[in-house]
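Dear colleague,

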Amino acid sequence: MSFVASAQSYPARPVHLVVGVAAGGSPDIIARLMAQWLSEQLGQPFVVDNRAGAAGNIGTEFAVKAAPDGYTLLLALSANAINASLYNDLPFNFINDTAPVASIATIPLIMEVNPSVPANTVPEFIAYAKANPGKINMASGGVGSPLHVAGELFKMMASVDMIHVPYRSEALALPDLIGGQVQVMFGVMPASLGYVRAGKLRALAVTTPKRQEALPDVPAMAEFLPGYDARGWYGIVVPKATSSEIIEKLNSAINAGLADPQLKAHLVDVGCSVFAGPPADFGKFIASETEKWAKVVKFAGIKPQ
């Protein structure tokens, strides 16, 4: 059977969507929303397959080494772009061993401080940090996590010195930030929004290039540090040799989902911004993210735990 014929009949059996993190978090929620949509649109079950461990590398390796027949997809994450330079012994090359299918969503971060920090704006915070080098504790959800590298990008671009305090997860870091044991964190918007609105944390900036609807009065970091951009993101990739016809079929179905008001509303509910486009654009985005975080990892001397 030719690739074209197989693409016309694709999918003819259940498809596995591999997620490199445990069930319950944002990536898993987004994977399940998209899997349900694809099941309904393409007439076969799309099954979420959680393969957690090693910062997402276990699930990624399983997916990239699967048969390139469209029956194993991977939920690609910002961690994949970071891990490419963070780990020097990976048994795969994420960009070389995958083909982009479709971007799905981005998730903004918030630069947030404990209210005791004497800074109401990013310039005030930078001045405070420069006056107190090595005295400000910056929390994150772990070494090499998107939260960590977002903070290191800020340190690099603002030329400030802060102490990184890694936690096993963002959920464990938030109580210490609210309690004042650490002073600043770059946190994902869905996890932090309630605390910001309640006045328990002060938002200085969002880390996306533009302001966010959920916090219209909070400036974008790029307004103070031009070019700053640190977002979590989600998309679908497949093993490299997967046929372009199957990729196009999946891309069309995913983009139709991202245009569907109900699915779009679900994504917004979990704090995401829709991020649709053709496979080539997603490929360019992954390449630019990988290049950006490689510079930050090198600059900060980040080593995996």
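A pocket here is an open set of points, on a 1 Å grid over the protein atoms alone, with protein on both sides within 12 Å along at least five of seven lines, and its lining residues have an atom within 4 Å of a point. Please note that the model is predicted.

Pockets

The second largest pocket is lined by 21 residues; nearest its centre lie Gln212, Glu213, Ala214, Cys272 and Ser273. Two or more lining residues come from each of α9, α11 (261–269) and β11 (273–274). The volume of the second largest pocket is about 460 Å³, and its lining divides into 10 nonpolar, 5 polar and 6 charged residues.

The largest pocket holds about 1000 Å³ of space. Of its 38 lining residues, Val21, Pro27, Gly141, Ser145 and Pro146 are the closest to the centre. Elements that give two or more residues to this lining are α2 (26–42), α4, α7 (146–158), α8 (170–179), α9 (189–197) and β10. Among these, α4 gives the most, with 4 residues. The lining of the largest pocket comprises 22 nonpolar, 14 polar and 2 charged residues.

Cavities

The structure holds 2 cavities of 30 Å³ or more. In the largest cavity there is about 50 Å³ of space, lined by Gly20, Ala55, Gly56, Thr60, Leu74, Leu75, Leu77, Ala79 and Asn80. The largest share of that lining, 3 residues, is from β3; by class the lining has 5 nonpolar, 4 polar and no charged residues.

The second largest cavity holds about 40 Å³. Its lining consists of Ser78, Leu109, Pro146, Ala150, Ala230, Arg231, Gly232 and Trp293, with 5 nonpolar, 2 polar and 1 charged residues by class. Pro146 is also one of the residues closest to the centre of the largest pocket.

Helix α3

In helix α3 (residues 57–64), the buried residues are Asn57, Gly59, Thr60, Ala63 and Val64. Viewed down the helix axis, these buried residues fall within an arc of 160°, so they line one face of α3. They pack against β1 (15–19), β3 (72–77), α4 (78–86), α5 (94–97), β4 (98–107) and β10 (232–239).

Gln44

Gln44 is located in the loop between α2 and β2 (46–50). A polar atom of the Gln44 side chain lies 3.2 Å from the backbone oxygen of Ala12. Leaving aside residues up to four places away in sequence, Gln44 touches Pro11, Ala12, Arg13, Pro14, Leu38 and Ser39.

Yours sincerely

Terms used. Residues numbered from 1 in each chain as written. Predicted model: local features only at pLDDT ≥ 70, side-chain atom pairs only at ≥ 80, totals over all residues. Heavy atoms only, no water. Buried < 20%, exposed > 50% of the residue type's maximum accessible area, 1.4 Å probe, protein only. Arc of directions from axis to C-beta. Contact = heavy atoms within 4.5 Å. 1 Å grid on protein atoms, 1.4 Å probe; cavity = no way out; pocket = protein on both sides within 12 Å on 5 of 7 lines; lining within 4 Å. Points joined across faces, edges and corners; volume = space filled by probe spheres on them. Nonpolar A, V, L, I, M, F, W, Y, C, P; charged D, E, K, R; others polar. Polar contact = N/O pair within 3.5 Å; in protein donor to acceptor, adjacent residues only side chain to side chain.
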